[in-house]
Amino acid sequence: MQKENQKPTHHDVVPSVINFLSDELFEGDYKEQPLYLQEIFELLMHTEFGDDINLRHKILSCLRTSRNLAEALSPFSEKQIYKACSSNRKLTQ
C-alpha cells in the first residue's frame, strides 16, 4: 500500500514506457496499428453498434493515440527501437 500512495516520478514513468514499447514490438508491426484500427472502425460504422457516439469517440481516441505513437517512432528503424528498448529495459530491471 505504501508504494501505491506515493506519487510517481519521472524515474517511475520512463521504465514503464520502455517496457510498454518493448512489449509492443513483440506484438507485430506497431506502425500498422493505426491502419488496423481505421479498418475496424470503418467496418463497425456499418453496424448497429457503430451508431453509438460514445463508442466513436473512444475509437477515434485510440486511433489518434496509435497514430501519434507510430509517428513519434517513424524516424527510427525497428532495429534501432528494439536495441534502445532492450538496453534501457535491462537498466530498469
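**Close-up views of a predicted helical chain**

View 1. Asp-52 counts as partly exposed, at 37% relative accessibility (buried means under 20% relative accessible area, exposed over 50%, and partly exposed in between, with a 1.4 Å probe and protein chains only). The model is predicted: local features need pLDDT of at least 70, side-chain atom pairs count only at pLDDT 80 or more, and totals for chains, interfaces and linings use all residues. Residues are numbered from 1 along each chain as its sequence is written, and side-chain values use heavy atoms, with hydrogens and water left out. Asp-52 sits in the loop between α3 (33-44) and α4. Its side chain reaches the backbone nitrogen of Asn-54 at 2.8 Å. A polar atom of the Asp-52 side chain also lies 3.1 Å from the backbone nitrogen of Leu-55.

**View 2. Ser-66 in helix α4.** Ser-66 belongs to helix α4, which spans residues 53-73. With a relative accessible area of 13%, Ser-66 is buried. Apart from neighbours within four places in sequence, Ser-66 is in contact with Gln-33, Pro-34 and Leu-37 (contact means heavy atoms within 4.5 Å).

**View 3. The whole chain for orientation.** The protein chain has five helices and zero strands (helices are DSSP runs of H or I with at least four residues, strands are runs of E with at least two, and both are numbered from the N terminus). Of its 93 residues, 17% count as buried. Among contacts with a separation of 6 or more, 78% come from residues 24 or more positions apart.

Key: A polar contact is a pair of N or O atoms within 3.5 Å; within protein, one must be able to donate a hydrogen and the other to accept it, and residues adjacent in sequence count only if both atoms are side-chain atoms.
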